[in-house]
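The sequence and structure come first.

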Amino acid sequence: PTHSLVTIRCSYERFTSDTNLRRRLFDMVRLFRSTLLQSLPEGDRHLLYPSPSPIQALLVSGNEACVEFCRQVARTSKIRLYPIRAPTVPAGEERIRIILHAHNTQEDVLKLVGTLLKALSELRLITAVTSTSKL
């Protein structure tokens, strides 16, 4: 419908013209990635896919584990994450899609990282958390 196209165009124009908004978003992406990577055990850092974009992916192998991880996070924090399961991705490469937004605050991002680490640990998907002093 026409109104959808107008909405998309307005959003695109605002986002591409507001460099502060873009800068803020990518600052939040860098904060998310650096904090999570510093907190993950060295042997588990491969779980965070390399991506500079606001769409991040966290490897959680197995369809059931992927869905349970999202449920665990939703139960404890009301944060919505999206499981990307086989056959959409190859079996064994199931992942969680995490989308950061320009309206997210530093506090939001740190809460997200803490919540992810807690769920990863509780579901025994990582060996141990190295540091959560920032969280």
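The model is predicted: local features need pLDDT of at least 70, side-chain atom pairs count only at pLDDT 80 or more, and totals for chains, interfaces and linings use all residues. Residues are numbered from 1 along each chain as its sequence is written, and side-chain values use heavy atoms, with hydrogens and water left out.

The largest nonpolar core holds 32 residues. Such a core joins buried Ala, Val, Leu, Ile, Met, Phe, Trp, Tyr and Cys residues through side-chain atoms within 4.5 Å, where buried means under 20% relative accessible area (1.4 Å probe, protein chains only). Phe32, Leu36, Leu58, Phe69, Leu81, Ile96 and Leu116 have the most contacts inside this core. At least two of its residues come from each of helix H2 (19–39), strand S1 (55–59), helix H3 (63–77), S3 and H4. H4 gives the largest share, eight residues. Helices (H or I, at least four residues) and strands (E, at least two) are DSSP runs, numbered from the N terminus.

No disulfides (cysteine sulfur atoms within 2.5 Å) are found in the whole structure. Cys66 and Cys70 are both buried, but the sulfurs are too far apart for a bond.

| Cysteine | Relative accessible area | Closest cysteine sulfur |
|---|---|---|
| Cys66 | 0% | Cys70, 5.6 Å |
| Cys70 | 7% | Cys66, 5.6 Å |

Strand S3 (95–99) and helix H4 (106–122) each supply at least two residues of the lining of the largest pocket, and H4 provides the largest share, four residues.

Methods: Buried < 20%, exposed > 50% of the residue type's maximum accessible area, 1.4 Å probe, protein only.
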